[in-house]
Amino acid sequence: MILVTGGAGFIGSNLHAALRAGGRECIIADWLGHEAKWRNLRHYPPSQVIAPENLGEFLSHNPKLSAIVHLGAISETTATDGDLVWRSNVELSQTLWRWCAAHGTRFIYASSAATYGNGAAGFEDEMSIPALQKLQPLNLYGWSKHAFDLWVAGQIAAGAPAPPAWAGVKFFNVYGPNEYHKGKMISVVKIKHDEIVAGGPVRLFKADQPGMADGAQQRDFIYIDDVIAALTFLLAAPKISGLYNLGTGLARSYADLALAVCTAHNVPPRIEYIDMPANLRGQYQSFTQAPMHRLRAAGFNHQFLTLEQGVGAYIQNYLLQGDMYR
């Protein structure tokens, strides 16, 4: 039995679907709320749904878990409540780490590419304290994920109790089905799809870096199916532990993404560049790219989809269908 925190969310519900399709039993820790988030679980109802505030009581009964996949977090890059973000993204992660260490349970947790900040210190997923201390996240969310990575590195360096196998996963720009509840944090692919369906142009932010052309900002965009392939690999692999990037290893521009969305809709490209909102200036990553050699060295040989393949699969198989959910 596997516990997936944030299991009704974007990545969590896709992982849950893959595990259930493979015959694995899952327990979800998440809030379903009053909106349509429950639809992320509609095709694969979980064995149990636990409210996150009841996790401590659930774990106090020492359930027989083979793994905890901790994906639950406050993930808005514009979050401002530092106390809430610390409790949700750091303290809960520490609690789950300690529980897994005490019970010999595999632990996989979500870190983030936001920990790399503007990329000036590179994007190497090295777990040492000196390497991590070079990173300077640009926002509260990225800092909270970075704080937990540093805490884990400190635990390992001190020889403190640790789960028998663990992995921190630095997700880059993930897109795909079941992200519809994410509001302003939804992927750019879905936003551009909606703009085309509405009959308007595809709108992109103007570059805020000197000398950079509009639309030339680059991110490592990765389709959700590739992310789930990596997570299921980590769950099934022998006792490997470490911090791992999870992107395609190839940065692509926002202009490339806009063209891919237009191609998937079979419409001529029509791109309009708009000013970046004030609340994003100075907190916007203009370039991310995931070196993938550590996960590859661990034995992950999966072939990633290209941006065009992933965008096409998302739009054709989900967004243009009557049922957009996995």
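Modeller: Two residues are said to be in contact when they have heavy atoms within 4.5 Å of each other. The model is predicted, so local features need pLDDT of at least 70 and side-chain atom pairs count only at pLDDT 80 or more, while totals for chains, interfaces and linings use all residues. Residues are numbered from 1 along each chain as its sequence is written, and side-chain values use heavy atoms, with hydrogens and water left out.

Biologist: Which residues does E124 contact, leaving aside its neighbours within four places in sequence?

Modeller: E124 is in contact with Y116, N245, P291, H293 and R294. E124 itself sits in the loop between β5 (106-112) and α4 (129-133); helices (H or I, at least four residues) and strands (E, at least two) are DSSP runs, numbered from the N terminus. Y244 is 120 residues from E124 in sequence, with 8.9 Å between their C-alpha atoms.

Biologist: Why is E124 called partly exposed?

Modeller: Buried means under 20% relative accessible area, exposed means over 50%, and partly exposed is in between (1.4 Å probe, protein chains only). The relative accessible area of E124 is 40%, and therefore E124 is partly exposed. T95, in helix α3 (residues 82-103), is also partly exposed, because its relative accessible area is 43%.

Biologist: What makes C26 count as buried, and what makes C100 count as buried?

Modeller: C26 has 0% relative accessibility and therefore counts as buried. C100 likewise has 0% relative accessibility and counts as buried.

Biologist: Why is the pair of W97 and W151 called edge-to-face?

Modeller: Rings of Phe, Tyr and Trp (its six-membered ring) pair if their centres lie within 6.5 Å; planes under 30 degrees apart count as stacked, over 60 as edge-to-face and the rest as tilted. The structure holds 18 aromatic pairs. In the pair of W97 and W151, the ring centres are 6.2 Å apart and the planes stand at 85°, so the pair is edge-to-face. W97 belongs to helix α3 and W151 to helix α5 (residues 140-157), so the pair ties together parts that are 54 residues apart in sequence. W97, at 0% relative accessibility, counts as buried, and W151, with a relative accessible area of 16%, is buried.

Biologist: What makes the pair of Y175 and Y223 tilted?

Modeller: The planes of Y175 and Y223 are at 40°, and the centres are 5.5 Å apart, which gives a tilted pair. This pair links distant parts of the chain, with Y175 in strand β7 and Y223 in strand β10, 48 residues apart. Y175 is buried because its relative accessible area is 2%; Y223, at 2% relative accessibility, counts as buried.

Biologist: Which residues do ring pairs link into a cluster?

Modeller: The cluster consists of W97, F107, Y109, F148, W151 and W166.

Biologist: Against which elements do the buried residues of α10 pack?

Modeller: They pack against β7 (173-175), α6 (188-197), β10 (221-223), β12 (252-253) and α8 (254-265). The buried residues of helix α10 (residues 307-319) include L307, G310 and V311.
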